[in-house]
Amino acid sequence: MASSSLSFLLIFLSISSFPLLSQSQTSSKLNKFVLPIHQDNKTNLYVANIYKRTPLLQTPFVVDLNGRLLWVTCEQNYLSSTYHAPRCYSTQCARANTHYCHTCFSKARPGCHNNTCGLMSVNPVTGLTAMSELAQDVLSIYSTQGSNPGPLVKIPRFLFTCAPSLLLQPVLPGNVQGVAGLGHSPISLPTQLASHFGYAGFAPTFALCLAPNGVIFFGDSPYYMFPGLDISLPLGYTPLIISPLGEYYIEVKSIKINNKDVPLNTTLLSIDRRGIGVKPVEPFEVCFNSKSIDKRTRVGPKVPNIDLVLHDQHVIWRIYGSNSVVEATPGVSCLAFVDGGLNTRAAIVIGAYQMENNLIQFDMARSRLGFSSSLLFFRTSCNNLNFSAIPLRE
């Protein structure tokens, strides 16, 4: 038996200002939220903005699928009238599962107080960690009840950590101010949304739809791109395995290439070495001429379908050419798989490229992962949610 770790990074980006609803203004039907995402051209990470503080400010975050919390740098210009650092052994500290008392020897400011709770913040790209102050402040997120985003909804006491700015360097986009974790942990973004809006029937579920201009849904399906177009309809499901660290895994029984079984071992990442005809382009190992490949779907006679056979032989996640082949240089396409090395934590890591224009649903209530395969074959994509329809502030 082998497990595949679903791990990748997202980054949040900015959009314009919109109306805000407090908790008292929300209706009992308010049970779904959306965050627009944008792919950073330089790093290929996904970017969007989360609204925080009082007054509200759009703040860009790197989001780690397996991250345990949201952290932001507070060393400079963190101004908010609603910032609060919980005291040691408080209810907030217990909820964050920390018993460490934080001490700061500099002038008091957000992120620097004595007798407050401390938590480790992590840069998921470099692995660098730093002790940080547990804090709470306002966080706002877009509501939705259909195919268009609606007004912002406020969480008045969202828990996060104030981390030192050294955690941002050197590989993240220059405007990023922190990391937002989507992992299964007590104060991650999905967990706090489910806890705060549980009274309204909010499901502990979120779904990724990655694209250059994609979206993250929080809450249960249906998920609409256009009126009447529910992109959750083609979802297949497999059990979702959660590690003691809150990381997401799925079971992979076997792999098929063009409907033929292959051994699940290290040779999988170097399939079809003999027929490439074209010199590989680093870091990829299998490349070929792009002339016969469809530009949109990357389907062609040289592009194999890759099937992940999951917990049951009839449950298959098919990876089409649009998610298995990348144009490395003009006229040269390569299979978008690389050798993970000797010290990987899982046999297979499904990356953001493999999930692009797939709907991937993390359903904690039912302990299952939903997956659609490429939405391009359903004549839509993850770029199609109409964020231009959000009502402007009056």
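**Disulfide notes**

I looked up the handedness of the C104 and C112 link: the torsion about its S-S bond is about -90 degrees, so this disulfide is left-handed. The model is predicted, so local features need pLDDT of at least 70 and side-chain atom pairs count only at pLDDT 80 or more, while totals for chains, interfaces and linings use all residues. Residues are numbered from 1 along each chain as its sequence is written, and side-chain values use heavy atoms, with hydrogens and water left out.

A disulfide is a covalent bond between the sulfur atoms of two cysteines. Here the term means a pair of cysteine sulfur atoms within 2.5 Å. I found 6 disulfides by this rule.

The sulfur atoms of C104 and C112 are 1.7 Å apart. Both cysteines are buried (under 20% relative accessible area; exposed is over 50%, partly exposed in between; 1.4 Å probe, protein chains only).

Next I checked C93 and C117. Their S to S distance is 1.6 Å. This link is right-handed, with 95 degrees about the S-S bond. C93 lies in helix α1 and C117 in strand β10 (residues 116-122), so the pair ties together parts 24 residues apart in sequence. Helices (H or I, at least four residues) and strands (E, at least two) are DSSP runs, numbered from the N terminus. C93 is buried at 0% relative accessibility, and C117 is buried at 1%.

**Another pair**

Which cysteine does C88 bond to? C88 pairs with C101, with the sulfur atoms 2.2 Å apart. C88 is buried at 16%, whereas C101 is partly exposed at 26%.

**Surface note**

I placed M131 in strand β11 (residues 129-144). M131 is partly exposed, at 32% relative accessibility.
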